[in-house]
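Reader: I have a protein model to look at. Please walk me through it.

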Amino acid sequence: MLRTALKPRWLALLVVMLLAATLMAKLGEWQLERAREHGDSAQQAELAQKSSKTVPLESVLKPSQTFQRDAVNAKVTASGHWSGENQLLSPDREQDGRTGLWVVTPLITEDGTTVPVVRGWVAGPDDAAAAAPDSDTQVTVVGLLQPSEPPSVRQPGETSGLPEGQIDRVAAAQLAALWPQPMITGFVVLDSQTPAPATQITPVPPPSSDGQLDWGNLSYAIQWWAFAVIALLFWFRLVRDDHRGLLPGQDNEDDADDEDNADNELLDEGTSSWPARTADSP
């Protein structure tokens with residue numbers, strides 16, 4: 001079988017499979033690192049929400065500034081007034097085993113910066129708690145800062161298909177086309193508001209974690225590593241089948257090899273039967 005494995009075509013395929021397996025192993029490591037980061041981030045969010053220490057939003061993230069990694073889950077405070085007429089709902093948000101919507105309201109701070117605030121979760125768009133807040137009331141909000149969600153990728157002319165007033169992602173790139181500027185490149189998940197709203201809304205909790213790993217990313221890591229092993233096993237299977245003569249079309253190749261060998265033998269015999277030239281030969 002070793003002679004079969006050393007055939008040029010199998011050696012070439014082995015190189016390709018090793019490169020693919022290496023790439024897939026690296027992707028598995030990346031997913032594992034993401035799993036650790038998510039676990040740490042969720043744990044930090046839980047600790048930050050329980051903490052009474054807050055920092056001004058502008059000290060962590062300024063308008064149009066690139067969102068920094070250490071700003072994730074910062075417990076911030078900001079003051080201003082709601083822009084109720086621009087409130088949006090973001091559907092397909094699961095909470096406590098139920099699917100509902102996030103209520104996303106722009107807060108206009110005193111310097112004119114627009115701050116997206118996830119005020120809470122509602123079961124349906126007609127929920128009384130989803131009513132837009134009074135835009136004339138000055139409020140101070142406290143919440144956890146989160147990076148913008150990635151925008152949806154769509155084909156030119158394609159829409160989300162959602163009703164007016166709803167967005168599928170809390171993405172700065174999408175909100176920038178709908179809300180006044182300047183705006184921060186993240187959003188605040190509301191923890192408390194002063195004064196308290198007239199209608200209480202179900203708060204959105206921080207991401208849950210057991211303090212270890214994010215199981216979603218961990219499962220992706222295991223899948224990538226499994227693919228890497230499968231790629232090498234696939235190469236081994238091909239070589240073994242070739243060795244046992246089980247590959248499709250191998251009989252034809254063997255016949256062609258036999259014919260070539262027979263031709264070579266005849267050629268060798270013809271060459272050996274040719275009379276040797278002598279000094280007297282013309």
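**Reading the model**

Reader: Where in the secondary structure does Thr-114 sit?
Author: This is a predicted model, where local features need pLDDT of at least 70, side-chain atom pairs count only at pLDDT 80 or more, and totals for chains, interfaces and linings use all residues. Residues are numbered from 1 along each chain as its sequence is written, and side-chain values use heavy atoms, with hydrogens and water left out. Strands are DSSP runs of E, at least two residues, and helices are runs of H or I, at least four, numbered from the N terminus. Residues 114-122 form the strand that holds Thr-114: β5.

Reader: Is Thr-114 buried or exposed?
Author: Buried means under 20% relative accessible area, exposed over 50%, and partly exposed in between (1.4 Å probe, protein chains only). Thr-114 has 0%, so the residue is buried.

Reader: Which residues is Thr-114 in contact with, leaving aside neighbours within four places in sequence?
Author: Contact means heavy atoms within 4.5 Å. The partners of Thr-114 are Pro-106, Leu-107, Ile-108, Trp-179, Pro-180, Pro-182, Met-183 and Ile-184.

Reader: Is Glu-33 buried, partly exposed or exposed?
Author: Glu-33 lies in helix α2, residues 8-50. Its relative accessibility is 38%, so Glu-33 counts as partly exposed.

Reader: What distance separates the C-alpha atoms of Glu-33 and Asn-217?
Author: Along the chain, the two are 184 residues apart.

Reader: How many helices and strands does the protein have?
Author: Read along the sequence, the pattern is α-α-β-α-β-β-β-β-β-α-β-α-α. That comes to six helices and seven strands.
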